[in-house]
Amino acid sequence: MARDDGTSPPYFNIDPEAALAELGPPTTSEGFARIAEACTRGRDDLASRGLNEEGKKSLRLFSTWEITRYLIPVAQAHFRRVLKQNPDLPQGLSETEGGAKWFTLDEVLKLRAHFATEGSKAKEYRPYRPEGLPAKLVAVANFKGGVGKTSTAAHLAMSAALDGYKVLVIDLDSQGSMTSIFNGRVADEWGTVFPLIARHYATHLRRENQSRLDRGEAPLPLDDTLNEALKLTARDVIQPTHWPNIDLIGAQLNLYWAEFQIPVWRMQARGWKLWDALTDRLAEDGILDAYDIVFLDTPPALGYLTINGLAAADILLVPLGASFLEFDSTGRFFDMLHSTFASIEEGENMAARALGREELAFEWDAVRAVITRYDGAQQAELAALMQAYLGRTLSPHRQDFTALIGQAGEQVAGIYEADYRDFNRETYVRGRETFDATYAAFKRLLIGIWRRDAHRAAGGLL
Ligand SMILES: Nc1ncnc2c1ncn2[C@@H]1O[C@H](COP(=O)(O)OP(=O)(O)O)[C@@H](O)[C@H]1O
Ligand SMILES: [Mg+2]
């Protein structure tokens with residue numbers, strides 16, 4: 001503060017006594033607890049502001065304009081006519097006599113179902129999903145933090161839900177940002193994917209023990225955790241969200257415990273295929289039939305949870321900004337993916353070859369890097385260079401930086417939860433366009449992949 005005149009830079013002439021006076025005592029480990037408590041109180045205060053009387057987060061309403069512009073491909077006049085002819089359909093609420101009609105997302109879904117059955121067969125009222133094929137798992141990962149993993153995964157989940165897909169979101173990041181976005185309640189690790197992984201291990205151990213007994217060896221003990229996990233299914237950890245067609249498996253700080261527990265289990269039973277844990281559990285518990293798309297948000301690290309999520313994924317999206325540092329570290333992330341999965345394959349296949357068994361080979365339907373927070377005025381050159389080197393691996397759409405994300409308010413997670421009346425309509429349309437285009441690029445992948453699967457299932461040659 002102590003500057004002699006107004007012109008010298010702020011770091012000159014700091015008075016040591018004045019600096020001391022505002023310093024405060026040193027921090028102890030207890031000090032962290034007090035800071036954490038203050039943050040929790042502040043967070044709860046913020047979180048409570050957007051909640052309704054029952055302490056639940058509620059999703060905004062959707063206007064006739066938005067529905068006919070973005071959600072159901074019909075003209076406004078026709079939409080109104082169909083509602084009038086069908087008094088049993090949701091009629092919407094208006095704030096003023098004769099004013100615009102507003103609908104809940106649940107009502108929008110009912111209306112879409114009506115148009116899908118009664119409306120023109122030429123129009124896409126329901127998004128494509130081939131019958132009889134399982135849900136697609138999509139992991140959003142990069143070991144760098146702040147690149148837009150959670151925002152991208154959350155927006156994709158919401159756009160897919162608005163588009164009519166049934167979505168499950170799985171938070172693998174113990175920081176729980178995705179869980180906060182969907183207002184999930186997770187008391188401890190038992191409300192996360194942890195029991196699913198534990199159950200997979202416990203099941204393996206039981207099978208292993210059977211062969212041990214057959215060989216006359218002593219079985220390995222199953223501890224309380226494993227016995228408890230054997231009682232739980234994916235449905236026990238799935239919670240509904242304020243989106244009628246998005247459910248959540250949340251995360252919480254204790255999930256980090258899995259990073260220590262998984263290697264211990266793996267040491268105890270070398271034959272446990274931990275990379276199959278999530279897929280197997282979700283498949284066996286019927287989740288891949290009950291949902292269309294499962295989004296996995298991952299922590300900024302290549303730990304066991306991320307490996308599990310990546311191995312489970314059919315589609316891998318790797319968000320990164322168009323900056324030198326993010327391009328550089330993303331290159332190293334792909335390098336780590338290669339060495340991690342190649343070394344798992346090698347470890348498995350030595351044994352498989354010796355026993356004449358089928359070899360393990362990981363495969364992803366599609367892997368795409370996605371440019372996020374793009375600033376066309378500053379980053380066009382770098383983005384073009386990235387495009388030149390990455391080719392088809394880089395998704396063609398660059399997701400623009402938009403103020404709508406940060407600005408939308410404490411309880412509103414991004415563009416799809418924001419009420420367009422809070423913004424200049426043009427700003428809104430432009431911000432929404434870039435996320436709609438991010439979703440469109442993703443949906444093209446998804447549909448292409450499902451089609452390839454459908455051809456294969458039908459015995460085609462593709
Ligand atoms: N397209 C975007 N425009 C503006 N800000 C964005 C955009 N995407 C992400 N952000 C912001 O960037 C920050 C990091 O994003 P986040 O999704 O949390 O990254 P990660 O999950 O990789 O750590 C957040 O503050 C988020 O609001
Ligand atoms: Mg994140």
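V294 lies in strand 8 (residues 293-297); helices (H or I, at least four residues) and strands (E, at least two) are DSSP runs numbered from the N terminus. This is a predicted model, in which local features need pLDDT of at least 70 and side-chain atom pairs count only at pLDDT 80 or more, while totals for chains, interfaces and linings use all residues. Residues are numbered from 1 along each chain as its sequence is written, and chains are lettered from A and ligands numbered from 1 in the order in which they are written.

**Surroundings of V294**

- V294 counts as buried because it has 27 C-beta neighbours inside 10 Å; a residue is buried if 20 or more other C-beta atoms lie within 10 Å of its own, exposed if 12 or fewer, and partly exposed in between, with C-beta atoms placed from the backbone.
- Leaving aside residues up to four places away in sequence, V294 touches A135, L137, V138, L168, I170 and L282, where contact means that the C-beta atoms of two residues, placed from the backbone, lie within 7 Å.
- I170 is 124 residues from V294 in sequence, yet their C-alpha atoms are 7.2 Å apart in space.

**The chain as a whole**

- The chain contains 18 helices and 10 strands, and its C-alpha trace spans about 80 × 80 × 50 Å along the principal axes.
- Of the 462 residues in the chain, 34% are buried.
- Among contacts with a separation of 6 or more, 75% join residues 24 or more positions apart.

**Helix 8 and its partners**

- Helix 8 (residues 194-214) packs against helix 12 (residues 277-284) at an angle of about 95°, with the axes 9 Å apart; axes are lines fitted to C-alpha atoms, for helices over the stretch in contact, and angles run from 0 to 180 degrees between N-to-C directions.
- Helix 8 and helix 12 are therefore roughly perpendicular, a term for angles of 65 to 115 degrees, whereas those under 35 are roughly parallel, those over 145 roughly antiparallel and the rest oblique.
- L196, I197, R199 and H200 of helix 8 meet A277, L278, D280 and R281 of helix 12.
- The 21 residues of helix 8 reach 30 Å from first C-alpha to last, close to the 30 Å expected at 1.5 Å a residue; the expected span is 1.5 Å times one less than the number of residues.
- The buried residues of helix 8 include F194, P195, Y201 and L205, and its buried residues pack against helices 9, 10, 11, 12 and 14.
- Just after helix 8, G216 has a positive phi of about 80°.

**Helix 6 and helix 18**

- T152, H155, L156, S159 and A160 of helix 6 contact F435, D436, T438, Y439 and F442 of helix 18.
- Buried residues of helix 18 include G431, R432 and L446.
- G459, which follows helix 18, has a positive phi near 85°.

**The shell around ligand 1**

- G148, K149, T150, S151 and F401 come nearest among the 16 residues around ligand 1, where near means a C-beta atom, placed from the backbone, within 6 Å of a molecule or strand.
- Helix 6 gives the most to this shell, with three residues.
- By class, the shell has four nonpolar, 10 polar and two charged residues; Ala, Val, Leu, Ile, Met, Phe, Trp, Tyr, Cys and Pro count as nonpolar, Asp, Glu, Lys and Arg as charged, and the others, Gly among them, as polar.
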